[in-house]
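Colleague: Could you take me through this structure? I would like to begin with the backbone and then turn to the cavities and the surface.

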Amino acid sequence: MIDVHSHWFPPAFSATYERVTGREAWPPHPADLRDRIADIEAAGLELQILGSGHNQPYSEDRATAVDAARAFNDLYADAVSRHGGRLGAFGAIPLPHADEAIAEAIRCLDELSFAGIGVGTTAVGRSLSDPDFEPLWAELHRRRTTVFVHPVVTPDRFTLSPDPYAMGPKFGGPLEATMAAAHLVVSGVTRRYPGINWVIAPMGGTLPYLWRRFEESSQAMGQDDLLAGDPATELKKLYYDTTLSDDPRVIRFMVDAVGIDQLVFGSDAPKVTATDWIGRMKKTRLFGDDDLGKLLGGTARTRLGL
């Protein structure tokens, strides 16, 4: 079994993130990974992949972003090397600076042997479909890289400020995932760079539920050009992790919408344990042995190369 979605924000990570952004990395995690490794072993995981998630090393200042990305990656590389093959990592890259992002991605993949590259749904307010990022996607396409897309909890206009109910991460994050995936497919990025295996967390947000509205509204507004190249089919080529919900009705909808082969297991550990989330997937009683095997690790291994 392979878990594609987990995080680790120890004090060293948090200090770097605060220096870059002026904000505290949350939630804070202990430096010691013994409890995490114990859970991985209890769950029977072959591999759990760490990522920066919403705490990306993004900065308008080029040097600051580069230094932060290298610090994050060196920290994760050390954790991977110390824990007997149980941990992997998605590399952080210093967006919005494309040339430097390419250089750090190459270091992550070639020198650090990371599982892929992690990106936020936006980078300092810029879409993943920004033309400046095309050389980055071209390089990752050439290398047939897995790219994990995670919400960055960008403040939005409909969230109360202050946000006493944490509506941003609870609802804003999935909406960010929706927008990011829609930008990638409608802009043609996924068609131009089919060698990239895009994994959208959490489970594509609201995208599968709202796609028909996008199509109908685009047609009604005379924007048929947005539907050129059959983006609906492209959506079914993306991969989606399981961190959105443990509701069997939601998961069944996703299986019906995109197919079991496009779903991969993600726990969002340590928010929940891998042991717990694997148990919840099994309790849905939606999967036969073959499909459960695909969900819990087969697809990540054979189709994403993890």
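**Backbone, cavities and surface**

Modeller: Arg144 counts as exposed because its relative accessibility is 59%. Please keep in mind that this is a predicted model.

Colleague: Where is Arg144 placed?

Modeller: Arg144 sits in the loop between α5 (134–142) and β7. Its phi is positive, at about 55 degrees, although Arg144 is not a glycine.

Colleague: And what is phi of Arg285?

Modeller: Phi of Arg285 is near 55 degrees, again a positive value in a residue other than glycine. Arg285 belongs to the loop between α11 and α12 (289–302).

Colleague: Is Arg285 buried or exposed?

Modeller: Arg285 counts as exposed, because its relative accessibility is 76% and the exposed class begins over 50%.

Colleague: Let us turn to the prolines. Which residue does a cis peptide bond join to Trp26?

Modeller: That residue is Pro27, and omega of the cis bond is about -10 degrees. Pro27 is part of the loop between α1 (11–21) and α2 (34–43). There is also a cis peptide bond from Ala269 to Pro270, where omega is near 5 degrees.

Colleague: Where does Pro270 lie?

Modeller: Pro270 is in the loop between β10 (263–264) and α11 (274–283).

Colleague: What lines the largest cavity?

Modeller: Its lining includes Gly51, Ser52, Gly53 and Gln56. Phe90, Gly91, Ala92, Gly118, Val119, Phe148 and His150 also take part. The strands β3 (87–91), β4 (116–120) and β7 (146–150) each contribute at least two residues to this lining.

Colleague: How many of those lining residues are charged?

Modeller: None of them is charged; the lining of the largest cavity has four nonpolar and seven polar residues.

Colleague: What about the second largest pocket? How much space lies in it?

Modeller: The second largest pocket holds about 470 Å³ of space. Its lining consists of 22 residues, and those nearest its centre are His54, His150, Pro169, Asp268 and Lys271. His150 is also among the residues that line the largest cavity.

Colleague: Which element gives the most to the lining of the second largest pocket?

Modeller: That is α6, which supplies four residues. By class, this pocket's lining has 12 nonpolar, seven polar and three charged residues.

Colleague: Staying with α6, is Gly168 buried or exposed?

Modeller: Gly168, which is located in helix α6, is buried because its relative accessible area is 8%, and buried means under 20%.

Colleague: How far apart are Gly168 and Glu60?

Modeller: Gly168 and Glu60 are separated by 108 residues in sequence and by 23 Å in space, taken from C-alpha to C-alpha.

Colleague: And Phe171, is that residue buried or exposed?

Modeller: Phe171 counts as exposed because its relative accessibility is 54%. Phe171 too is a residue of helix α6, which spans residues 167–186.

Colleague: Which residues make the nonpolar surface patch of about 340 Å²?

Modeller: Phe171 makes that patch together with Tyr165 and Met167. Helix α6 therefore holds the exposed Phe171 as well as the buried Gly168.

Notes
Residues numbered from 1 in each chain as written. Predicted model: local features only at pLDDT ≥ 70, side-chain atom pairs only at ≥ 80, totals over all residues. Heavy atoms only, no water. Patch = residues over 30% accessible without salt bridge, like charges linked within 9 Å, V, L, I, M, F, W, Y side chains within 5 Å. Areas by Shrake-Rupley, 256 points an atom, 1.4 Å probe, with all protein chains shown as cover. Salt bridge = Lys/Arg side-chain N within 4 Å of Asp/Glu carboxyl O. Buried < 20%, exposed > 50% of the residue type's maximum accessible area, 1.4 Å probe, protein only. 1 Å grid on protein atoms, 1.4 Å probe; cavity = no way out; pocket = protein on both sides within 12 Å on 5 of 7 lines; lining within 4 Å. Nonpolar A, V, L, I, M, F, W, Y, C, P; charged D, E, K, R; others polar. Points joined across faces, edges and corners; volume = space filled by probe spheres on them.
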